[in-house]
Amino acid sequence: MGLSRRLLRFMSSSTSKVRILPPFLQTRAYSAQFSENGPDCGAESFKRMHGRRSFRALPFAMAVSAGAFALAFNSQTAACEPPEVTRIGGKGSTELVVKGSRKELPEGFLEDLKAVCADEIILDYDDRYFHGKPQYSFHAIVNIPDVVVCPRSKKEVSEIIKACDKYKIPIVPYGGATSIEGHTLTPHGGVCIDMTLMKNVKALHVEDMDVVVEPGIGWMELNEYLKPYGLFFPLDPGPGATIGGMCATRCSGSLAVRYGTMRDNVINLEVVLANGDVVKTASRARKSAAGYDLTRLVIGSEGTLGVITEVTLRLQKIPESSVVAMCNFPSIKDAANVAIATMHSGIQVSRVELLDEVQVHAINEANGKDLPEAPTLMFEFIGTEAYAREQTARVEKIATEHHGSDFVFVQSAKEKEELWKMRKEALYANLALEPEKEAMTTDVCVPLSHLAEVISKSKAEIDSSPLTWNLYGRAWRRNGETEVP
């Protein structure tokens, strides 16, 4: 009940405005501030790029996926002045300028922090700047954290947050920092709580197929730990992502077509609220109809409702067999149409990835490959060997009907790992292609039925700009509903 009462205070202490962002460039940037009334006016700041502006030496990578249009919520409380927001340009403009404000840390605050975790307080400017500036994000940095703290236990997290609540200091939780939409920005300075030292596996229940972990462990580290038990955690976002950050941003990954997003794979959470209270959102039972679904309320809240200190995850058995297939197409629209047709056919794919010809060229250059430089789809099918081969043959038939060519598939573990590694490292391949430039990345989420259209229009629009750009991403449909990857 403590969490539900706290959330009711959050809702009653603010007024919300809903903005529907333009369909082609939807981004979000959030920083969490906590006061006695909950998330502060620094909780959401929105920055978007001017689509027609000439950014010198800035390549643009667009990740396209099938999902719902994003909504940006702008909540304000009376705890401080809201960030100044000025809209630039008229219809079709995609630029927002957000200005933050910053106050000096109150006297006595640092002493209180040192009493909690004296050995894990960072005041060095370069380290604070690193924590305050997202990598490969076009969101402009306004301020950096005044201090970075690295707790090792939920007790330390609770004491840190109590100190911030006492002095009314903004808080931004920090994980693997692999997100691209400004989640770790600190427009009002304050405290950055780096959770990466809390990375223990607290309990593994092999028979129940679940695991209890601290938020700082990475999904790749976790899967290495689980491999000897024949289990794995199926979500696979960017390399380096941590479980806590994956919960906070409600991430997905390429396997979401088969296993769902983070909201489908978390059983419960332990969360430290804005006043330092520690709550558990649910039991370890797989099914419960008792009370509010607080777990899924916190998942995706991006640090605005509390700091996650423990996660219980649902696990899966490592598949018996899998096949990875690739196919080329004369146009990006043909490739998108095959992805849609595959979803509609009822074929149970585990991955569907789309790469344009520029991205394939970058992968070839970075890895010394000679893949056909054309719009390409990558599929993965899992199950028994016979089932995976059957699904592969069905998709090959669909691809041929949509002008696909050079349909190939691999089954050896080494070849499959190499192909997915190249896809996972697509951003670094782009940076290597033009090393003198910087990256600007964003996600575009649309309903599945609009996928081919939005890709074609986006490509035509950006091809006419001075940007070097490429496209890669996924299209998927789960349980009859379009999901946001």
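Helices here (H or I, at least four residues) and strands (E, at least two) are DSSP runs, numbered from the N terminus. What you're looking at is a predicted model, so local features need pLDDT of at least 70, side-chain atom pairs count only at pLDDT 80 or more, and totals for chains, interfaces and linings use all residues. Residues are numbered from 1 along each chain as its sequence is written, and side-chain values use heavy atoms, with hydrogens and water left out.

**Pocket and cavities**

- A quick word on terms: on a 1 Å grid over the protein atoms alone, a cavity is a set of points where a 1.4 Å probe fits but cannot get out, while a pocket is an open set with protein on both sides within 12 Å along at least five of seven lines; lining residues have an atom within 4 Å of a point.
- The second largest pocket holds about 1,200 Å³ of space, and of its 29 lining residues, Trp219, Asn223, Arg351, Glu417 and Trp420 sit closest to the centre.
- H13 gives the most to that pocket's lining, with 6 residues.
- By type, the lining of the second largest pocket splits into 14 nonpolar, 4 polar and 11 charged residues (Ala, Val, Leu, Ile, Met, Phe, Trp, Tyr, Cys and Pro count as nonpolar, Asp, Glu, Lys and Arg as charged, and the others, Gly among them, as polar).
- The lining of the largest cavity is made up of 8 nonpolar, 1 polar and 1 charged residues, and Arg423 is among them.

**Salt bridges**

- Count a side-chain nitrogen of Lys or Arg within 4 Å of a carboxyl oxygen of Asp or Glu as a salt bridge, and you get 22.
- Glu310 and Lys280 pair up at 2.5 Å, N to O; Glu310 lies in strand E17 and Lys280 in strand E16, so the pair ties together parts that are 30 residues apart in sequence.
- Glu310 counts as buried at 7% relative accessibility (buried means under 20% relative accessible area, exposed over 50%, partly exposed in between, with a 1.4 Å probe and protein chains only).
- Lys280, at 44%, is partly exposed.
- Asp236, Arg351, Glu380 and Lys424 are linked in a salt-bridge network.

**Helix H15**

- In H15 (residues 451-463), the buried residues include Leu451, Val454, Ile455 and Ile462.
- Seen down the axis of H15, its buried residues fall within an arc of 165° (taken from the directions from the helix axis to the C-beta atoms), so they line one face of the helix.

Notes
The expected span of a helix is 1.5 Å times one less than its number of residues. Grid points are joined across faces, edges and corners, and a volume is the space filled by probe spheres set on the points.
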